[in-house]
Amino acid sequence: LLPTALYPCKFQVGTQAKILDTLLDPSIVALKRKTGMWDPTMLLHMVCKGRYNALIDTGALITGFTNHDVVRFVLHNDVLGIFDVGVFLNEKDQQMFVTKTNDLDPKPIKQC
(Lines give C-alpha, C1' and ligand atoms only; values in the text may rest on other atoms or scores of the structure.)
Protein backbone atom coordinates (compact mmCIF):
# COMPACT_ATOMS: atom_id res chain seq x y z
CA LEU A 1 0.00 0.00 0.00
CA LEU A 2 1.73 3.14 -1.22
CA PRO A 3 0.71 6.74 -1.73
CA THR A 4 0.28 7.57 -5.41
CA ALA A 5 3.21 9.98 -5.16
CA LEU A 6 5.51 6.95 -4.82
CA TYR A 7 4.33 5.22 -8.02
CA PRO A 8 5.88 3.57 -9.88
CA CYS A 9 7.58 1.74 -7.05
CA LYS A 10 10.71 -0.24 -7.76
CA PHE A 11 11.56 -2.42 -4.79
CA GLN A 12 15.11 -3.46 -3.99
CA VAL A 13 15.77 -7.09 -4.78
CA GLY A 14 14.35 -9.20 -1.95
CA THR A 15 12.05 -6.53 -0.49
CA GLN A 16 8.85 -8.08 -1.82
CA ALA A 17 9.92 -11.44 -0.41
CA LYS A 18 10.48 -9.82 3.01
CA ILE A 19 6.99 -8.26 2.87
CA LEU A 20 5.44 -11.60 1.99
CA ASP A 21 7.50 -13.37 4.67
CA THR A 22 6.21 -10.90 7.28
CA LEU A 23 2.58 -11.24 6.17
CA LEU A 24 2.84 -15.04 6.34
CA ASP A 25 4.66 -15.21 9.70
CA PRO A 26 2.26 -16.73 12.29
CA SER A 27 4.07 -14.93 15.11
CA ILE A 28 3.04 -11.62 13.50
CA VAL A 29 -0.17 -12.32 11.60
CA ALA A 30 -3.13 -14.39 12.77
CA LEU A 31 -5.90 -15.87 10.69
CA LYS A 32 -9.41 -16.02 12.09
CA ARG A 33 -12.08 -17.75 10.09
CA LYS A 34 -15.56 -16.36 10.46
CA THR A 35 -18.18 -18.93 9.60
CA GLY A 36 -21.85 -18.25 9.06
CA MET A 37 -23.38 -14.87 8.47
CA TRP A 38 -21.37 -11.71 9.09
CA ASP A 39 -21.46 -8.06 8.14
CA PRO A 40 -18.87 -5.27 8.22
CA THR A 41 -20.03 -3.94 11.61
CA MET A 42 -19.80 -7.40 13.20
CA LEU A 43 -16.29 -7.80 11.81
CA LEU A 44 -15.23 -4.41 13.18
CA HIS A 45 -16.65 -5.28 16.62
CA MET A 46 -14.56 -8.47 16.54
CA VAL A 47 -11.48 -6.36 15.74
CA CYS A 48 -12.26 -3.97 18.60
CA LYS A 49 -12.29 -6.85 21.10
CA GLY A 50 -8.95 -8.29 19.96
CA ARG A 51 -5.36 -7.20 20.21
CA TYR A 52 -4.84 -6.05 16.64
CA ASN A 53 -2.33 -3.39 15.60
CA ALA A 54 -3.31 -2.85 11.98
CA LEU A 55 -6.08 -3.33 9.47
CA ILE A 56 -4.72 -3.63 5.95
CA ASP A 57 -6.77 -2.55 2.94
CA THR A 58 -9.98 -2.13 4.93
CA GLY A 59 -11.74 -0.44 2.04
CA ALA A 60 -11.76 -3.69 0.11
CA LEU A 61 -13.36 -5.61 2.99
CA ILE A 62 -15.35 -3.13 5.06
CA THR A 63 -17.77 -2.04 2.35
CA GLY A 64 -19.96 0.93 3.06
CA PHE A 65 -17.27 2.56 5.25
CA THR A 66 -14.52 4.96 4.29
CA ASN A 67 -11.08 4.44 5.84
CA HIS A 68 -11.88 7.40 8.10
CA ASP A 69 -15.16 5.72 9.14
CA VAL A 70 -13.30 2.52 10.05
CA VAL A 71 -10.74 4.39 12.17
CA ARG A 72 -13.50 6.31 13.98
CA PHE A 73 -15.43 3.10 14.63
CA VAL A 74 -12.38 1.33 16.07
CA LEU A 75 -11.42 4.30 18.26
CA HIS A 76 -14.90 4.54 19.75
CA ASN A 77 -15.45 0.80 20.20
CA ASP A 78 -11.98 -0.01 21.54
CA VAL A 79 -12.98 -2.43 24.31
CA LEU A 80 -9.42 -2.78 25.62
CA GLY A 81 -8.75 0.97 25.64
CA ILE A 82 -5.47 0.61 23.79
CA PHE A 83 -5.99 3.12 20.96
CA ASP A 84 -5.85 6.90 21.23
CA VAL A 85 -4.93 7.69 17.61
CA GLY A 86 -5.90 6.17 14.28
CA VAL A 87 -3.99 6.55 11.00
CA PHE A 88 -5.55 6.06 7.58
CA LEU A 89 -5.25 6.98 3.92
CA ASN A 90 -7.80 9.53 2.76
CA GLU A 91 -9.45 9.66 -0.67
CA LYS A 92 -6.29 11.27 -2.09
CA ASP A 93 -4.04 8.52 -0.63
CA GLN A 94 -2.62 10.96 1.92
CA GLN A 95 -1.71 9.64 5.37
CA MET A 96 -4.04 11.26 7.90
CA PHE A 97 -4.71 10.78 11.59
CA VAL A 98 -7.51 11.41 14.06
CA THR A 99 -7.60 11.09 17.82
CA LYS A 100 -10.25 9.55 20.00
CA THR A 101 -11.16 13.02 21.28
CA ASN A 102 -11.02 14.77 17.87
CA ASP A 103 -12.12 12.26 15.26
CA LEU A 104 -14.06 14.55 12.91
CA ASP A 105 -11.12 16.71 11.82
CA PRO A 106 -8.40 14.56 10.20
CA LYS A 107 -4.91 16.06 10.14
CA PRO A 108 -1.89 15.13 7.99
CA ILE A 109 0.28 12.52 9.70
CA LYS A 110 3.25 14.93 9.76
CA GLN A 111 1.33 16.97 12.38
CA CYS A 112 0.95 13.95 14.69
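These are my notebook entries on the predicted model shown above.

**Ground rules.** I number residues from 1 along each chain as its sequence is written, and I keep to heavy atoms for side-chain values, with hydrogens and water left out.

**Confidence.** I looked up pLDDT, the predictor's confidence in each residue on a scale from 0 to 100, and found a chain average of 84, with 88% of the residues scoring at least 70.

**Elements.** I took helices (H or I, at least four residues) and strands (E, at least two) as DSSP runs numbered from the N terminus. On that basis I list four helices and three strands, which follow one another along the sequence as α-α-α-α-β-β-β.

**Surface and contacts.** I used the Shrake-Rupley method with a 1.4 Å probe for accessible areas, where for residues only the protein chains shown count as cover, and noted about 8600 Å² for the chain, 57% of it belonging to carbon and sulfur atoms. I call a residue buried under 20% relative accessible area, exposed over 50%, and partly exposed in between (1.4 Å probe, protein chains only); of the 112 residues, 21% count as buried. With contact meaning heavy atoms within 4.5 Å, I noted that 34% of the contacts between residues at least 6 apart in sequence join residues at least 24 apart.

**The sheet.** I counted two strands as paired if DSSP finds at least two bridges between them, and the result is an open sheet of three strands in the order β1-β2-β3, with antiparallel pairing. β1 (85-89) and β3 (107-108) stand at the edges with a single partner strand each, so one side of each is left without a neighbour in the sheet. I then followed β1 against β2 (residues 95-99), which pair in the antiparallel sense over five bridges, and noted that the bridge partner of Val87 in β2 is Phe97. Helix α4 (residues 67-76) packs on the sheet and touches β1 and β2, its direction making about 165 degrees with that of β1; for this I fitted axes as lines to C-alpha atoms, for helices over the stretch in contact, with angles running from 0 to 180 degrees between N-to-C directions.

**Salt bridges.** I searched for a side-chain nitrogen of Lys or Arg within 4 Å of a carboxyl oxygen of Asp or Glu, and the structure holds three such salt bridges.

- I found Asp103 and Arg72 meeting at 2.8 Å, N to O; Asp103 lies in the loop between β2 and β3 and Arg72 in helix α4, so the pair ties together parts that are 31 residues apart in sequence. Asp103 counts as buried at 9% relative accessibility, whereas Arg72 counts as partly exposed at 27%.
- I found Asp78 and Lys100 meeting at 3.5 Å, N to O, with Asp78 in the loop between α4 and β1 and Lys100 in the loop between β2 and β3, 22 residues apart. Asp78 counts as buried at 11% relative accessibility, and Lys100 as partly exposed at 27%.
- I found Lys107 bridged to Asp105, their closest N and O atoms being 2.6 Å apart; Lys107 counts as partly exposed at 29% relative accessibility, and Asp105 as partly exposed at 36%.

Definitions and conventions:
Predicted model: local features only at pLDDT ≥ 70, side-chain atom pairs only at ≥ 80, totals over all residues.
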